[in-house]
Each structure stands twice: as C-alpha cells, then as structure tokens.
Amino acid sequence: MKTYPISRPDGSLLAFEVSSVWLTFRPLHKTLRSVEGVSDIKRQFFNEDRMTFAFCSEACVVNEPWGDSSRYWIGPSDPQSSCLDLTPLHRAFQAYQSPFTRLLRRLAGVQPA
C-alpha cells in the first residue's frame, strides 16, 4: 500500500497517511491488530477520529480530516508532545495488500512480496 510518511526534524516517524479509497475499516482494524504493541482499538462514529488505539501505551488515532478525505492520518493523539516512533505501524501498512490486489498478482503469476 502506498503510504505518506510524516517525519520529525530528527528523522523519526511521527505519523503517516494511507489512502482511504481502498482501505475499509475491517482491514484497517486487522492491520492495526497485527502490530505488536497495539491495544484497545475502538471504532469512533461521531468525529473525525475514525478509530482510537494505544501503541506502546500511548494514545493514537486514525483520523479522516474533514470526514471525507482521500487519506487517513495515523499517529499519536497529541503529536506535539509525542516522541513515539511509528515505524512498526508504518511497515505493517506498507505491507498490506487488498484482496483484489492479491488476486491480480496471483492471476499474473507474481509471487507475494
């Protein structure tokens, strides 16, 4: 999956964005759940934070700006005070392939990455 990293001045990963066009809540939840250190994943219905979760005991969110953006922003709830590095989460989303993409790869004879 194409991701858009957002780095701090020191080069550590503060947050990242992923396309919301092909990523629905079930695979989003499954991908978050697959990362060691993620817990307390909760779906939100009435604000731009579509999901909340904890990563290494720090509060994080999946935010959809303006409620209809083409990207989800994934990062700490309070980016200004966070020193958490989200590289493990970022790698999990980079590795994600939709079922449709996996099918196309299989039909084309391309081995999974």
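How many bridges pair β5 and β6, and in which sense? The answer is 4 bridges, in the antiparallel sense. Here are my notes on the rest.

1. **What you are looking at.** This is a predicted model, in which local features need pLDDT of at least 70 and side-chain atom pairs count only at pLDDT 80 or more, while totals for chains, interfaces and linings use all residues. Residues are numbered from 1 along each chain as its sequence is written, and side-chain values use heavy atoms, with hydrogens and water left out.

2. **The overall layout.** The protein chain has 3 helices and 6 strands, and from the N terminus the elements run β-β-α-β-β-β-β-α-α. Helices (H or I, at least four residues) and strands (E, at least two) are DSSP runs, numbered from the N terminus. Of the 113 residues in the chain, 40% are buried; buried means under 20% relative accessible area, exposed means over 50%, and partly exposed is in between, with a 1.4 Å probe and protein chains only. Contact here means heavy atoms within 4.5 Å. Among contacts between residues at least 6 apart in sequence, 43% join residues at least 24 apart.

3. **The sheet.** Strands of a sheet pair through backbone hydrogen bonds, either parallel or antiparallel. In this model, 6 strands form an open sheet in the order β1-β2-β6-β5-β4-β3, with antiparallel pairing. The edges belong to β1 (3-7) and β3 (38-43), each with a single partner strand, so one side of each is left without a neighbour in the sheet. From one strand to the next, the twist averages 20°. Two strands count as paired if DSSP finds at least two bridges between them.

4. **Strand by strand.** Strand β4 (residues 49-55) pairs with strand β5 (residues 58-63) in the antiparallel sense over 6 bridges, and Phe55 has Glu58 in β5 as its bridge partner. Going on to β6, Val62 has Ile74 in β6 as its bridge partner. On the β2 side, 4 bridges join β2 to β6, again running antiparallel, and Ser19 is bridged to Arg71 in β6. As for β6 itself, 5 of its 6 residues are buried, so this strand is largely enclosed by the rest of the structure.

5. **Helices on the sheet.** Helix α1 (residues 25-33) lies across β3, β4, β5 and β6 (71-76), running at about 10° to β4. Helix α2 (residues 87-95) also packs on the sheet, where it touches β1, β2 (13-19), β3, β4 and β6, and its direction makes about 20° with that of β2. For these angles, axes are lines fitted to C-alpha atoms, for helices over the stretch in contact, and angles run from 0 to 180 degrees between N-to-C directions.

6. **A histidine to look at.** His90 is in helix α2. With a relative accessible area of 9%, His90 is buried. Leaving aside neighbours within four places in sequence, His90 is in contact with Thr3, Pro5, Leu13 and Phe16.

7. **Aromatic pairs.** The whole structure holds 3 aromatic pairs. Rings of Phe, Tyr and Trp (its six-membered ring) pair if their centres lie within 6.5 Å; planes under 30 degrees apart count as stacked, over 60 as edge-to-face and the rest as tilted. One of the pairs is Phe16 with Phe93, whose ring centres are 5.6 Å apart and whose planes are at 50°, so this pair is tilted. Phe16 is in strand β2 and Phe93 in helix α2, 77 residues apart, so the pair links distant parts of the chain. Both Phe16 and Phe93 are buried. Phe45 and Phe46 also form a tilted pair, with centres 6.4 Å apart and planes at 55°. Here Phe45 is exposed at 56% relative accessibility, and Phe46 is exposed at 81%.

8. **Arginines over rings.** A charge sits over a ring if NZ of Lys or CZ of Arg is within 6 Å of the ring centre and within 35 degrees of the ring normal. The charged end of Arg43 sits over the ring of Phe25, 3.5 Å from its centre. Arg71 lies over the face of Tyr4, at 3.4 Å from the ring centre.

9. **Cysteines.** A disulfide is a pair of cysteine sulfur atoms within 2.5 Å, and the count by this rule is 0 disulfides. For Cys56, the nearest cysteine sulfur is that of Cys60, 8.4 Å away. Cys56 is partly exposed at 48% relative accessibility, while Cys83 is exposed with a relative accessible area of 71%.
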